Amino acid sequence: MSFQSAKTIDGIRFSVWSPTEIRKYSVAEITAPETYDEDGMAVQGGLMDGRLGTLEPGQKCLTCGNTSARCPGHFGHIELAEPVFHIAFIDNIYKLLLMTCRSCSRLKIAQDDLDELARVMSREAAYTAVSQKRIPEMILEKARKAKECPHCGKIQYDLIFTKPTNFIEKTEAGENRLLPITIRSRFFQIIDADLELLGYDPTTARPEWFVLQALPVAPVTVRPSIILETGIRSEDDLTHKMVDIIRVNQRLKESKEAGTPPLIVQDLVDLLQYHATTYFDNEVSGIPQAHHRSGRPLKTLTQRLKGKEGRFRGSLSGKRVDFSSRTVISPDPDLDLSEVGVPLYIATKLTIPEIVTDWNIERMKKLVVNGPTQYPGVNYIIRPDGVKIRLDFVEDKQTIADSLEIGYKIERHLLDGDIVMFNRQPSLHQMSIMAHYVKVLPGKTFRLHPSVCPPYNADFDGDEMNLHVPQSEEARAEAILLMRVQDQIISPRYGGPIIGGLRDYVTGSYLLTRDDTYLTPAEFTNYAMLGNYNGSLPKPATKDAKGRPVYTGKQLFSLFLPSDFNYVMTSKWAKGTSGSKQDVVIKNGELISGVIDKSSIGAEESESVLHRIAKDYSNIQAKTFLNSILVIAKQFITHYGFSYGYSDLEMSEKSRAQILDKISDSYDIVDDFISQSKKNMLKTTRGLSVADSLEVYIVNELSKARDKAGNIADTSLDETNAGRIMATTGARGSSLNIGQMAGALGQQSRRGQRLLKGYNDRALSHYSPNDDNPDSHGFVKSNYRDGLSALEFFFHAMAGREGLVDTAVRTQQSGYMQRRLINALEHIRLEYDGTVRDPYGHIMQFLYGEDGIDVAKSDHGEAFNISRLIESQRIVDSGKKAGGEEISGVLKKYTKTFNPKLKSTVIEAVTSSNLSLAGIETVCKKGLDLYDRAKVEPGQAVGIVTAQSLGEPGTQMTLRTFHFAGIRERNVTLGLPRLIELVDARKKPTTPTMDIYLEESIKNDREKAIEVAKNVLQTRVSALASYEMDYKSEIILKLDRDVMADREVTAEDIELALSSNKKFKIEASESTIVLKFVEETDAPGALAIRNKVLNTTVKGVPSIERITLVQNDGEWVIQTTGSNLQKVLGIEGIDKRKVRTNNVLEIAETLGIEAARNALINELNSTLEDQGLEVDDRYIMLVSDLMCSRGHMQQIGRHGVAGSKDSVLARAAFEITVPTIARAALAGEIEKLRGVTENVIVGSNIPIGSGTVDLYMQVSKKR
Amino acid sequence: MVKKNQILVPDHVYVPKHEIVSKEEAREVIAKYNCRLVELPLIFVTDPAIVGLGVKPGDLIKITRTSSTAGQAVYYRYVVEV
């Protein structure tokens, strides 16, 4: 046995190298700009000096004597002739210059204040945690303003910083440039106590070290040279840059010695600064990029670390792996749900290590004889001494096989039944990587069961997938225990099934379970066998016309149901058809009535037959049920011969005429609206202008026209029509799709608007300007079946283009949101005490989801389904009905640990259940057991699951900002943009709105409501008056009495509102108000005053732009566009307790952090709900709690949660890599490696999930 | 965060019940969750929901939330300086 010493990194400390340290670490001073001499030997003292490490395999390092495999490389250094700034610290240099005295280098704050701050800084009290962090900011604010040093009394001068590296001091004598050397000597004097106040750790980062005197030269291993095919050496970008630095440095040194004029020397110093700057970062704004000879910008240090392909995200967080493969996928309905078909070729390349034992040695020998080329075989043999034998070139395999001994390890080919992990990118949720069992098949593609497509979001239009082979027993055990397909049937996002029947499977099961489907005993038994049925056969239910016994399709379906299964539900099909509406009824495992369609066995359908089986029985049973049903449905529909084509869209002439009729009716109505608006008689809606109202009416009417056309088309097709079957059973398509194919396509839109513009006053040049016929704005009367006219096609293409752009933009945006969510939440896990914390111990929640239930193990979000428990008990229940006292006794015993909500539902359900005492006892016992099982387990990565549960639905959301769901609706941001806005914790939403409720006494009174509304709506001067102006002297406001009366504003009100402005005097008359300027002004000044005047609020609440009165259950509610919670609270007549706004930050400011959390939960919930996406409350709560956990709203992103992580590496890997590291260095931060990203980066186990568990052993003191 | 003349609505439907936890009870909470004070969720002294309660930095606030999953849930926040 070989042992490995287990060295683990405890932590990483970041610091700034001092010049002394640089010289101490250096093995060679580099002075020569040449790298190799004519003989191709590395120049001594050059950049490729042999002491800096080795590149070629045979070479020995001149410093450590190791060969290239073991030599880590060694630093050298360059002595700079003049000091230069380190560009990563330039902002800190600037701030320090602003804060410190130019003469004594103390912070320009009185000693008393400094002492006070130092006291605050040293205070141990925990409640100063937040205030301490603000000290550096406060010092900067205060110190930069000081005109005189409070310590030495010297006068301070203004400082000008011209990016990137120039500092100029404005003295009385003129502008004086501060050179690095002066700055260095100033920084040298700064005392440690001052630095500590600023958050520096003076032991690891003295500010004078920000000015470089010596430059470290990276080892050659960091910048290897490559030898091209032509034999020419090509140097790394870093080497090129170093050469530049050395050259300039040399010249500078020489000219200084030669006594060259200072001006020229200064030019050289600047050049050296330029090269040093671009060496560290070649993307500094304000200076030109350094280029390679070929013209490509050089990739220097910062560029190596930064961004997606940089060291952090590209090489450290994301690593390349062995034992994996990738190929195109294709479907195979004959596979088991949990299998994956692996091509034979791949199975011979991927291997699994297996140890030779007494029990398998014979089998192993046979495999070895087969060797690497013949399947199943072996690719490698590993002897116990660690020697690896490659079998590719072994002639006599038999001898090798015979030499096989116990304890040898062989790397054998993949075999049927091996467990592997299968994955499709983007891996948005845990179901994107699942464990499958291998089935080796001929062909070149991975094969998978079509029903596992939804969790992977895969289709077969060329998608490729990855396959990974776990190599250790532990890995295989974890894969089997946690990742198998059957254990992923229930999605943790909403606690319902995500895997299930789809497409033809749904149609097939509908056709099979229809009332008039009969099967001969021969057919029946065939299907039963296909479905792997091995019980006894039932009796045929009926006889056919000739008197022969036949089975029904329902009987076949029932074979696979558990015998004690009871279930009632309304199928999708029953909802969608006008005919006899029969509920799906399953009694004792027998399908009595109804048809099986998507709502019974479909993917992503909660409370379905499949869901019930998975929940009430087991995942394995659900998998076998699905396997059997699907293969039968597939076979049945194949024999049935189901197809869909052009002829399925044929309609009667009558229906076609009807459609045209309906459309022209709608056109008439639209014409009517238009003529009304021209006569100015159109009734406006929700505070919109006449033109906007007209548009709303037209759009509404035209969408009705499309629906009518679609309905006619839909109903003219009979119920056996293939398209209708698919639409009503939920297999594919919708009646809208059928309507568009057979009826009319309807309005084409762009940005949620009709196609109004494109050319001047028209959408296409084929129409006359200002044509108001719906045809000219993109209403398509034709359908897909008949084809579109050329112009219609053009409009359709416009809308189609938008759809494409939309998806492209959406994937990007939701991808970034997902990344931010993951980054903010990845390290959050459930602790053993039930709290949710980050690895540094900060509590996010005291009990996960407030009830400690794992959604993935829950029953659609509830711990268990009490009514199902009672129902199943009722069937077997016998005996006397239990009395009230008995019941409460039992309940008390079992519901002790339940939370209030669960307790009350259980008590209510049980008390009204009419079961016997024994029955109630069993129900309660089962319930308690299920409750305990549904609890989250310690270590669970609740953060990651939360991030996935919110991020994954993001990809399914629409990007469209607005929608018209009827005339009364407001325009509000919805879907993905709104979700992003919420997790961003933006200061102001794009569409702020409020719902203002009224006081009890007036809430049903419309008149009073209008009165309050007028006090809420902002009325500006511009709305009340028109103006004329003389640019020199005055503005004349002409009052509009009608509007003023409507808004209930008097001329005095206007005067009062304007009186605070001292730039003019007010002279009021009957119908005008004249504003005489106090001082004569020029035109821009006058315009500024005019704008100020017109924007003055006369009445109402600022930023409330529009209001709509809505009646809800008889109660009047004011809905506003624009939000100003604080001011609205001051309005009389409103119910302060119920005022709502969608601006969460405003709520945090006026109602507090807890209210903001509630508001955030509500907003997130309604945004997701509106899109029809189901996400469990617990996830939304966790995100909200996280965002609110620090007392103020933190965004999910670099300025909030992700940016305030304790780990340096995690922050650096997320965004703003280099500044993060620089900051960490000057504060002397220590990376403790407790989170996820950090540990991935250093290559150790992640402390989440099964990684939280560790073995601790007490070493016995004796012996 | 609270500005001059700000209107406070501590009984707003969004605001759950906030109360100061006694020193004795606070110790129990800390012991129960085995954590340091700073590890608790924070709330500013100036938070509009607690300004009326007479809190000072270092207090512990008990918040009784209505919960969609559990009916009722208790949360704690540690009062910190701004």
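**Note on a predicted two-chain model**

1. In this predicted model, the axes of helix 34 (residues 975-984) of chain A and helix 42 (residues 1153-1170) of chain A come within 10 Å and cross at roughly 160°. Helices here are DSSP runs of H or I with at least four residues, strands are runs of E with at least two, and both are numbered from the N terminus. Axes are lines fitted to C-alpha atoms, for helices over the stretch in contact, with angles from 0 to 180 degrees between N-to-C directions.

2. Helix 34 of chain A and helix 42 of chain A are therefore roughly antiparallel to each other, a word used for angles over 145 degrees. The residues that meet are A:Arg978, A:Leu979 and A:Leu982 from helix 34 of chain A, and A:Leu1160, A:Glu1163, A:Leu1164 and A:Thr1167 from helix 42 of chain A, where contact requires C-beta atoms, placed from the backbone, within 7 Å. This contact has four nonpolar, one polar and two charged residues; Ala, Val, Leu, Ile, Met, Phe, Trp, Tyr, Cys and Pro count as nonpolar, Asp, Glu, Lys and Arg as charged, and the others, Gly among them, as polar.

3. Residues are numbered from 1 along each chain as its sequence is written, and chains are lettered from A in the order in which they are written. Local features need pLDDT of at least 70 and side-chain atom pairs count only at pLDDT 80 or more, whereas totals for chains, interfaces and linings use all residues.

4. The largest nonpolar core has 178 residues, and among those that touch the most other members is A:Val1016. Such a core is a set of buried Ala, Val, Leu, Ile, Met, Phe, Trp, Tyr and Cys residues joined through C-beta atoms within 7 Å, and buried means that 20 or more other C-beta atoms lie within 10 Å of the residue's own, with C-beta atoms placed from the backbone. A second, separate core has 97 residues, including A:Cys453 and A:Phe636.

5. Chain B contains one helix and four strands, which run β-α-β-β-β from the N terminus on. Of its 82 residues, 37% count as buried.

6. Where the chains meet, the contact takes 44 residues from chain B and 42 residues from chain A. On the side of chain B that touches chain A, the largest share, nine residues, comes from strand 4 of chain B. The residues on that side of chain B divide into 29 nonpolar, 10 polar and five charged.

Note on methods: Buried ≥ 20, exposed ≤ 12 C-beta atoms within 10 Å, placed from the backbone. Contact = placed C-beta atoms within 7 Å. Parallel < 35°, antiparallel > 145°, perpendicular 65-115°, else oblique.
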